[in-house]
Structure formats: structure tokens, C-alpha cells
Amino acid sequence: MLEIIDVTHTYGAYRALDGVKLTVADGELVCVVGPSGCGKSTLLRSVAGLVQPTGGRILLDGVPVSQTPDNLAVVFQDYSRSLFPWMSAAANVALPLRRKGMDRAQRRTAAMEALEQMGLADAAGKYPWEMSGGMQQRVAIARALAFRPSLLLMDEPFGSVDAQTREDLEDLVLRVCAHHGMTIMLVTHDIDESVYLGDRVVVLSRAPGTVAGDLHVSLPSPRDQIVTREHETFVRLRAEVGRLVRGNQLSRQET
Amino acid sequence: MAARSLGGFGVRVALVAATVALWELVTRLASQPYFPPPSTIASRMYTLWFSGPVTHVFFTDDALTMLQPSLGRLLVGWGAASVAGVVLGLAIGRSQVLSDFLDPLIQFGRAVPPPMLVPIFFALFKIGTPTQIATIVLGVIWPVLINAIDGAATVDRQHLETARVFGLSRPQIIGRIIVPSAMPKIVAGLRLSLSLALIMMVISELVGSNSGIGYRLTTAQQNFLIPDVWGCIVLLGVLGYLLNSSFLLVENRILRWHSRARQYA
């Protein structure tokens with residue numbers, strides 16, 4: 001589905017990514033975790049075609065990414081700058097659907113459906129600034145869902161909401177994405193979140209970023225905020241990822 | 001809220017009434033021919049312009065023949081300047097090359113006082129309406145142009161990236177993202193240029209014109225019809241107030257999201 005082959009990126013003299021190798025299979029939810037400034041956002045922006053990496057190749061469904069790919073959606077961390085304040089929630093969600101060849105009524109239906117899935121059926125006519133941060137981020141996720149991308153990129157999607165909202169959103173995303181069988185690459189600096197959400201956790205080292213570890217998460221689904229987090233495997237993986245993020249070598253390869 | 005704004009309205013009316021009363025008192029006491037009391041000005045305005053038939057909404061023929069060309073020039077000039085300013089401004093604001101090339105020209109053009117150009121327009125166009133419209137356009141285009149450039153250049157990068165990621169088409173990016181983003185600044189420029197347009201209209205009519213409020217003002221001056229001169233001045237003030245109020249009505253509709261978003265933030 002997604003192949004990242006020896007991707008390197010430098011900003012002037014600063015080397016953000018150094019030969020990152022990573023593949024994401026169809027239907028997988030891969031969390032990319034790393035210390036701040038490790039180039040994980042650069043990696044995500046490269047996949048989205050917003051940054052042209054200085055070295056290496058990125059293939060999406062076998063096609064090299066040069067411009068922003070057609071079948072890709074992004075949820076940014078900063079929802080307040082990603083949603084358009086001059087449009088209602090429904091209009092925000094429906095806007096990108098025009099290029100899918102949908103007419104007005106179809107766009108409206110698809111937008112309402114996505115908003116409903118995110119628990120926002122009543123908020124379709126509201127403007128972003130009339131909503132809480134959590135609601136705005138749900139609109140941004142609904143926009144990505146309605147677009148039905150083959151790959152969904154999420155850049156610290158829950159980084160700007162409070163802890164309670166964050167847990168709710170995590171579960172909502174897991175449920176909805178499992179329902180759609182979507183492939184997701186989620187970037188976060190939160191170790192707990194990466195283990196809780198991911199089928200796989202890829203750890204990037206401090207800049208210049210390289211893949212420091214790639215762990216399979218063998219936790220039972222559906223995940224539960226309380227039960228999963230006290231699961232033996234969760235605790236062990238969290239420690240493992242934590243060590244990797246802090247720069248220690250992988251003690252034992254997880255399979 | 002309603003009671004407060006009603007109270008505010010009352011205070012404003014009272015303030016205007018008090019000012020007029022004071023003006024009346026002072027001018028009557030001074031009894032200078034160059035400063036007629038407002039009651040004289042008002043009655044002169046009434047007989048000249050507002051004692052017409054019901055079918056003309058009480059406007060006299062004199063008022064109509066004076067106002068029509070003036071307002072026509074003002075609106076055509078302002079409209080043309082607005083369209084040109086917005087289109088050019090959006091293009092320049094989104095294009096580094098264009099802005100690099102055109103910025104010195106804009107700074108130069110903006111610094112030239114438009115009334116100085118009237119003789120050149122006389123040479124370029126016929127004496128009359130085209131010259132006046134050209135004067136108005138060149139006088140009022142700058143606030144629109146500069147605000148549109150600024151608005152288009154400062155669209156949030158994340159908004160543009162979101163548009164790119166979701167593959168919006170070029171017309172969609174312009175119409176749905178760039179124009180609405182720049183709209184608050186564009187509207188501020190439009191409002192500024194509307195009040196400027198009234199001034200430029202009068203200036204353009206002072207010389208080389210045989211109709212309009214400005215022309216009326218100069219002829220009244222030359223014939224020492226002091227109440228007529230004052231009547232023109234008051235009329236211009238009222239016109240400016242009405243234009244601004246109507247613009248605000250439209251602005252509130254267009255920028256509802258903007259003003260409300262700022263209240264919530």
C-alpha cells in the first residue's frame with residue numbers, strides 16, 4: 001500500500017530524516033512515534049506530497065508520490081487552522097467531495113453520514129467557531145472519512161484537545177476506521193497513545209530521524225481505555241517503545 | 001441589549017440636536033453673512049431640492065439633475081476601482097513574481113495625489129464624465145488594491161495545505177479559500193475607498209464639469225449664494241453618512257462569520 005524507501009530530507013544544513021524505510025500494509029494502523037523534532041511530521045508531509053524529500057522514494061499503491069496524491073486525506077493537529085471558519089461543518093466536510101464526481105445532493109448525504117458517525121449529526125449547520133476543540137477535530141476527521149481515502153494520515157490529531165476528549169476521540173477513531181477498513185498512518189509523540197491505537201508502532205530516533213524500532217502490537221481488539229492499558233503486553237510494549245524513544249537499543253525484537 | 005442600543009440611539013440623536021441648536025445660537029448671535037444659521041440652510045435645501053412632487057419622492061428636478069450625474073460617477077468609479085483592485089490585488093498577492101515587479105509601481109502610483117492628474121485626464125479623455133470617472137478610479141483604487149494584496153498574501157498556510165491535500169481545483173482554491181480569507185481585509189479597503197470616492201467625486205466636479213454637486217458648489221460660491229454653498233456641504237455630509245450606513249449593512253451580511261468568530265475567540 002505505502003512504501004517509504006530510504007527517504008532523506010534536509011532543510012539547508014539540518015538533516016531531518018536520514019534514510020527512513022517503512023512499509024504500511026493495506027488496512028493497517030501504523031503509529032509513528034518519536035521525540036519532538038525527530039522529523040516525523042516531515043515524514044508525514046512527504047507522504048502527503050506537501051514536502052518533496054531530498055532523497056529516496058515514496059510509493060503509494062506502487063505510484064511514486066510527487067504531487068499530493070488523489071486518494072489521500074490528512075487530519076492535522078491544528079483543527080482551528082485546518083477547518084474553514086467561513087463554512088458550516090457540513091460544508092467543510094462536503095467541500096472536497098466535488099472532485100469525486102458527486103452532485104450536490106450526494107455530497108450533502110455523504111457529509112451528513114460522516115458527521116453522524118463522528119456523533120455530530122446535530123452540529124452540521126454549526127460553524128467551527130461555535131464548537132469546542134474536540135468537536136472541531138471530529139469535524140476534521142469526518143471530512144477525512146467522507147473523502148474515503150485509501151490512506152489516512154493523522155498528524156498529532158489529538159494533541160490539542162483535553163485528556164478526556166482525547167480518550168473519547170481515540171476510541172471513536174478506532175471504531176470508525178475499523179468499520180471502514182481504512183489504512184492509517186498516525187504520527188504522535190505520545191508513547192501510550194501509539195501503543196493503544198496502533199497495529200504497529202514505528203519508532204523514529206532523534207534527528208536525523210531513522211527507524212529505531214518497528215514493533216507489532218499484539219493487543220486484543222476492541223481496545224478499551226482501562227482494560228487495554230493494564231494489559232501485560234501494553235505495559236511491556238510501552239516500556240519498550242519508551243526506551244527506544246529515549247535512544248536505547250531494542251532489547252528484544254517483538255513479533 | 002435592545003434597550004441599550006435604543007438608549008445609545010437616543011443619546012446620539014440628542015447629541016446631534018444639541019450640536020445643531022448650539023450652531024443655530026452661535027450663528028444667530030454672530031449674524032455673519034458667511035455663516036448662515038442651520039435653519040436658513042435647511043429651508044434653502046428644502047426649497048431647492050426637497051419640495052418636489054410625491055411621484056419623485058419629494059426631490060425637485062434641480063435635485064435630480066444634480067444628484068444623478070454625481071452619484072452615477074461615484075458608483076461607476078468606485079465599482080470599477082473595486083473590481084480592478086480586487087482582481088489585481090488577488091493576483092499580485094498570490095504571485096511573488098507579480099508583487100516583486102509591481103510593488104514599486106504601486107508605491108509610486110499611490111503617492112501621486114489624484115487631483116494632480118486631472119489635467120492629464122483632460123488631455124487623455126474628453127472633458128466631462130470620462131475624466132471624472134478616471135479621477136475617481138485612480139483616487140480610490142489604492143485602499144482596495146493594497147488590502148486585497150495583503151489579504152491574499154496572508155492566507156493561512158494550513159488552509160492552503162488542507163486545500164492541496166484534499167485536491168481542490170484551482171478555481172475552488174481561489175473562490176472558496178483565498179477570496180473568503182482575504183474578504184475581511186478587502187471589505188475594509190472597499191469601505192475606505194467608498195468614503196474616498198465621495199471626496200474624489202466632488203474634486204473631479206470642481207473643474208471642467210457642468211453638472212453634479214461639485215459643479216453646483218463652485219457656481220454657488222462664484223455667485224455668493226452662501227446658503228446654497230452650505231446646503232451642498234450638508235448634502236455631501238448626509239450622502240457620506242448614507243453611503244457608509246448602507247455599506248455597513250452589506251458588510252455585516254458578508255462578514256457575519258468573521259465578526260462572530262472574533263466574538264467567540
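**Note on two sheets in chain A**

1. Strand β3 (residues 29–33) of chain A pairs with strand β9 (residues 200–204) of chain A in the parallel sense, over four bridges. Look for A:V30: its bridge partner in β9(A) is A:R200. Keep in mind that this is a predicted model.

2. Where do β3 and β9 sit? They belong to an open sheet of six strands in chain A, ordered β6-β7-β8-β3-β9-β10. The pairing in this sheet is mixed. At the edges stand β6 (72–75) and β10 (211–216) of chain A. Each has a single partner strand, so one side of each has no neighbour in the sheet. From one strand to the next, the twist averages 15°.

3. Helices also meet this sheet. α1(A) packs on the sheet and touches β3, β7 (151–155), β8 (183–188) and β9 of chain A. Its direction makes about 150° with that of β8(A). Helix α9 (residues 232–246) of chain A lies across β3, β9 and β10 of chain A. Helix α9 runs at about 170° to β10(A).

4. Now the four-stranded sheet. This open sheet of chain A has the order β2-β1-β4-β5, and its pairing is antiparallel. Which strands are at its edges? They are β2 (14–24) and β5 (63–64) of chain A, each pairing on one side only.

5. Strand β1 (residues 2–11) of chain A pairs with β2(A) over seven bridges, in the antiparallel sense. A:I4 stands opposite A:L22, which is in β2(A).

6. Return to α1 (residues 40–47) of chain A. This helix lies across β1, β2 and β4 (55–60) of chain A. Helix α1 runs at about 120° to β1(A).

How values were computed
Residues numbered from 1 in each chain as written. Chains lettered and ligands numbered in written order. Predicted model: local features only at pLDDT ≥ 70, side-chain atom pairs only at ≥ 80, totals over all residues. Pairing = 2+ DSSP bridges. Contact = placed C-beta atoms within 7 Å. Axes fitted to C-alpha atoms, helices over the stretch in contact; angles between N-to-C directions.
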